[in-house]
Amino acid sequence: MAILEVKDLSFSYPDKSILHRISFSINRGDFLCVVGTNGTGKSTLLKLILNRLRPTEGSIRLFGTDSSQFRSFSKIAYVSQKATSFNKDFPATVEEIVSLGLYSQKGLFKRYNAEDKEKVYNALDRVGMAGYARNKIGNLSGGQQQRVFIAKALAASPDIIFLDEPTVGIDIKAVDSICCLLGELNAGGITIVMVTHDISSVIYHSNKVLILSEDGSGELLSSQEFTSRSFVNLHHHHH
Ligand SMILES: Nc1ncnc2c1ncn2[C@@H]1O[C@H](COP(=O)(O)OP(=O)(O)OP(=O)(O)O)[C@@H](O)[C@H]1O
Ligand SMILES: [Mg+2]
């Protein structure tokens, strides 16, 4: 069964047309990379899927339900493009940040209990950050911070994780290790949708690539097709 189905999706901001008749679907266990030059609408596409924006035309179905009606929020998790851009003195600890990932499940005012703590430490363990639970988030490296935000996404045991450029601003070794981590999570059964400019690091872990173009169109390829068209080098650039 397709867990995400996008059909004839078009979207315009009031002054600008962005996406034009995009269609693709992904199944449980897929690892989709979304690529395209700056401004082609990659972040906008994720926001549409997550119902933070409404399509101008077309439809988006998550687990068979129209995204505007979708309420099973614990099935999905989102790591936003600017997740790690906060003040270095931001007072939260790693454990506190990851526990925020449980709120869609619990509601804001439930107490953080031993069971929650176990979920938080499990998630930190899966990203190799269990030893940092008490650290201040601002004291970690960019790559470590991204791992913490991935742990936050994992805390509620989602079926699918959406990540918007989780490898921006970190060195190439950290990029490769985040991509490996995502590959492992995917091998463990989590479906992944990832916007990235680091396609050459992640292509070996992914199985599908959606290419957004400046004319608003989108094309879905298998990762093999993508590699054989050797888009990897053409599209590989950093901000
Ligand atoms: N709230 C908004 N109102 C109007 N225009 C917007 C808004 N948000 C984004 N845009 C414009 O829509 C286009 C697509 O933006 P989007 O952030 O989806 O691109 P992107 O592919 O994620 O780019 P990047 O690679 O830089 O992250 C851009 O031209 C952007 O300036
Ligand atoms: Mg973006």
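Mentor: A strand is a DSSP run of E of at least two residues, and strands are numbered from the N terminus. In this predicted model, residues 16-27 form strand β2, and R21 is found in it.

Trainee: Why does R21 count as exposed?

Mentor: The relative accessibility of R21 is 52%, and exposed means over 50%, so R21 counts as exposed. The backbone of R21 also has a positive phi, near 50°, in a residue other than glycine.

Trainee: F63 also has a positive phi although it is not a glycine; where is the place of F63, and is F63 buried or exposed?

Mentor: The phi of F63 is about 50°, and its place is in the loop between β4 (57-62) and β5 (65-66). Since buried means under 20% relative accessible area and F63 has 13%, F63 is buried.

Trainee: What makes α5 and α6 roughly parallel to each other?

Mentor: Helix α5 (residues 142-154) and helix α6 (residues 172-187) pack at an angle of about 15°, with their axes 10 Å apart. Angles under 35 degrees count as roughly parallel, and α5 and α6 are therefore described as roughly parallel to each other. The crossing in which α5 passes α6 is right-handed.

Trainee: Which residues make the contact between α5 and α6, and how do they divide into nonpolar, polar and charged?

Mentor: From α5 the contact takes G143, Q146, R147, I150 and L154, while from α6 it takes A174, S177, I178, L181, L182 and L185. These residues of the contact divide into 7 nonpolar, 3 polar and 1 charged.

Trainee: Why does A174 count as buried?

Mentor: A174, which has its place in helix α6, has a relative accessibility of 16%; the limit for buried is under 20%, so A174 counts as buried.

Trainee: Why does S43 count as buried, and what does Q81 count as?

Mentor: S43 has a relative accessibility of 17%, which is under 20%, so S43 counts as buried. Q81, at 27%, counts as partly exposed, because that class lies between the limits of 20% and 50%.

Trainee: How do you know that α1 is largely enclosed by the rest of the structure?

Mentor: Of the 8 residues of α1, 7 are buried, so the helix is described as largely enclosed; the buried residues are K42, S43, T44, L45, L46, L48 and I49. Following α1 is N51, whose phi is positive, near 65°.

Trainee: Why does S223 count as buried, and which residues does S223 touch?

Mentor: S223 lies in helix α8 (residues 223-228), and its relative accessibility is 6%; with buried meaning under 20%, S223 therefore counts as buried. Leaving aside residues up to four places away in sequence, S223 touches I203, S206, N207, K208 and V209.

How values were computed: Residues numbered from 1 in each chain as written. Chains lettered and ligands numbered in written order. Predicted model: local features only at pLDDT ≥ 70, side-chain atom pairs only at ≥ 80, totals over all residues. Heavy atoms only, no water. Helix = DSSP H or I, 4+ residues; strand = E, 2+ residues; numbered from the N terminus. Buried < 20%, exposed > 50% of the residue type's maximum accessible area, 1.4 Å probe, protein only. Axes fitted to C-alpha atoms, helices over the stretch in contact; angles between N-to-C directions. Parallel < 35°, antiparallel > 145°, perpendicular 65-115°, else oblique. Left-handed = near helix turned anticlockwise from the far one by under 90°. Contact = heavy atoms within 4.5 Å. Nonpolar A, V, L, I, M, F, W, Y, C, P; charged D, E, K, R; others polar.
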